[in-house]
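Subject: Structure for you to look at

Hello,

Here is the structure we talked about.

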Amino acid sequence: MSEPKIRELEELRAPRRSGAQRRGTRDRILTRAEPLLAQMRGAPVWKVLAAWARPGLAAASIVLALLIGALWRGETRAPETVAGLYRMDDMLLAAHEQGPVPAILVEIDEPDAEATVAAALASSSQTTDGSENR
Amino acid sequence: MSSQSEKTASGSDEAALVDRVRRGDTQAFEILVDRYSDQAFGVAYGFLGHVQDAEDLVQDGFIRALEQIDSLQPGSGFGAWFYRLLVNAAINRRRYLARREMSDLPADAAAASDPAAAAEQSDLRRELARALHSLPEELETVVVLHDLEGFTHPEVARILGMPEGTSRSHLHRARRVLREKLKEYEHHLP
């Protein structure tokens with residue numbers, strides 16, 4: 001058998017609201033709801049898609065800009081590498097300007113035996129003088 | 001009292017209204033507000049026991065329902081879904097108030113001309129509210145919906161997503177516990 005209703009609980013029922021109170025609540029709900037409803041009204045599919053696409057496009061353009069930047073930097077860095085290779089020649093030339101570079105290092109062709117001997121003799125005579133190497 | 005709103009709203013009528021609301025139809029939303037706000041206030045008051053808190057909860061409930069209207073399955077009724085949302089919000093709100101140690105219910109209905117009678121009525125109300133709110137939430141919810149707001153068991157079952165038999169057994173248990181608690185209170189009366 002089910003437990004009978006507890007009459008005293010009627011005490012906890014909500015008080016009756018006046019017409020003005022009910023209208024007030026209704027108006028407040030509708031005022032708060034109107035911007036949401038307007039948003040729902042004015043949002044056709046293409047607008048929603050456009051709204052979604054906007055951040056996507058922004059992200060894609062950032063990625064594109066970064067890619068272009070990376071490529072451009074890659075291109076400008078390439079000559080630096082070549083310049084790096086030239087730098088060895090520059091060092092050799094600079095060394096040559098400071099003093100005689102053995103013919104064996106500057107000649108492209110295989111050294112000529114006479115020239116090598118002449119260079120070695122010249123070098124040893126300068127060393128014995130002690131003037132050039134100091 | 002039986003829930004007028006549930007009885008007057010036919011399924012197809014509700015589904016059509018919800019569909020219109022989804023498209024931003026203000027008039028359709030107004031109809032739903034007019035249909036459900038009174039009983040929603042009753043439910044909110046049953047949990048919170050305070051007129052202004054209940055008003056605020058009803059307002060928030062309708063706005064939340066509007067925000068989440070797309071989660072309502074197409075073709076289903078608005079009422080049960082909305083009351084479930086409201087009950088959850090009411091329980092959360094009360095937990096929040098309890099955490100802030102403001103859970104003592106003001107006695108709105110104690111505005112009687114006789115101060116002594118008013119005090120006694122207020123005491124009884126407070127004791128009843130305390131007894132009701134000390135029940136497990138699922139039992140309390142069934143009491144609020146069935147005994148305070150007059151929903152039928154099939155309606156309570158639909159709102160809370162439980163079998164009808166569970167709603168009946170919850171109410172049976174809840175009433176038994178409440179009666180025991182009130183007996184204790186009567187013993188303490190002068």
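Which residues in H4(B) are buried? They are Asp53(B), Ala54(B), Glu55(B), Leu57(B), Val58(B), Gln59(B), Gly61(B), Phe62(B), Ala65(B) and Leu66(B). Before going further, note that this is a predicted model.

Helix H4 of chain B runs over residues 51–67. H4(B) has 17 residues and spans 24 Å from its first C-alpha to its last, close to the 24 Å expected at 1.5 Å a residue. The cover over its buried residues includes H3 and H5 of chain B, together with helix H1 (19–41) of chain A.

The two chains

Chain B has nine helices and zero strands. Read from the N terminus, its elements go α-α-α-α-α-α-α-α-α. Of its 190 residues, 41% are buried. Among contacts in chain B with a separation of 6 or more, 62% are between residues 24 or more positions apart.

Chain A has four helices and zero strands, in the order α-α-α-α from the N terminus. It has 134 residues, and 4% of them count as buried.

Where the chains meet

In the contact between the chains, 39 residues of chain B meet 25 residues of chain A. On the chain B side, helices H3 (26–48), H4 (51–67), H6 (115–133), H7 (137–148) and H9 (164–188) each supply at least two residues. H3(B) gives the largest share of that side, with 10 residues. Sorted by class, the side of chain B that touches chain A has 18 nonpolar, 13 charged and eight polar residues.

H3 and H5 of chain B

Two packed helices are described by the angle between their axes and the distance between the axes. For H3(B) and H5(B), residues 78–99, the angle is about 30 degrees and the axes are 10 Å apart. Angles under 35 degrees count as roughly parallel, and H3(B) and H5(B) are therefore roughly parallel to each other. The crossing of H3(B) past H5(B) is right-handed.

From H3(B), the residues that make this contact are Leu32(B), Tyr36(B), Ala40(B), Val43(B), Ala44(B), Phe47(B) and Leu48(B). Those from H5(B) include Phe78(B), Phe82(B), Leu86(B), Ala90(B) and Arg94(B). By class, the contact of H3(B) with H5(B) has 14 nonpolar, one polar and two charged residues.

An α-helix has 3.6 residues a turn, so residues three or four places apart point the same way.

H5(B) itself has 22 residues and reaches 32 Å from its first C-alpha to its last, close to the 32 Å expected at 1.5 Å a residue. Its buried residues are Phe78(B), Gly79(B), Trp81(B), Phe82(B), Tyr83(B), Leu85(B), Leu86(B), Val87(B), Ala90(B) and Arg94(B).

H8 of chain B

Why is helix H8 of chain B, residues 153–160, said to be largely enclosed by the rest of the structure? Six of its eight residues are buried, so the description applies. The buried residues of H8(B) are Glu155(B), Val156(B), Ala157(B), Arg158(B), Ile159(B) and Leu160(B). Just after H8(B) comes Gly161(B), with a positive phi of about 65 degrees.

Regards

Note on methods. Residues are numbered from 1 along each chain as its sequence is written. Chains are lettered from A and ligands numbered from 1 in the order in which they are written. This is a predicted model: local features need pLDDT of at least 70, side-chain atom pairs count only at pLDDT 80 or more; totals for chains, interfaces and linings use all residues. Two residues are in contact if their C-beta atoms, placed from the backbone, lie within 7 Å. Ala, Val, Leu, Ile, Met, Phe, Trp, Tyr, Cys and Pro count as nonpolar, Asp, Glu, Lys and Arg as charged, and the others, Gly among them, as polar. Axes are lines fitted to C-alpha atoms, for helices over the stretch in contact, and angles run from 0 to 180 degrees between N-to-C directions. Angles under 35 degrees count as roughly parallel, over 145 as roughly antiparallel, 65 to 115 as roughly perpendicular and the rest as oblique. A crossing is left-handed if the near helix is turned anticlockwise from the far one by less than a right angle, and right-handed if clockwise. A residue is buried if 20 or more other C-beta atoms lie within 10 Å of its own, exposed if 12 or fewer, and partly exposed in between; C-beta atoms are placed from the backbone. The expected span of a helix is 1.5 Å times one less than its number of residues.
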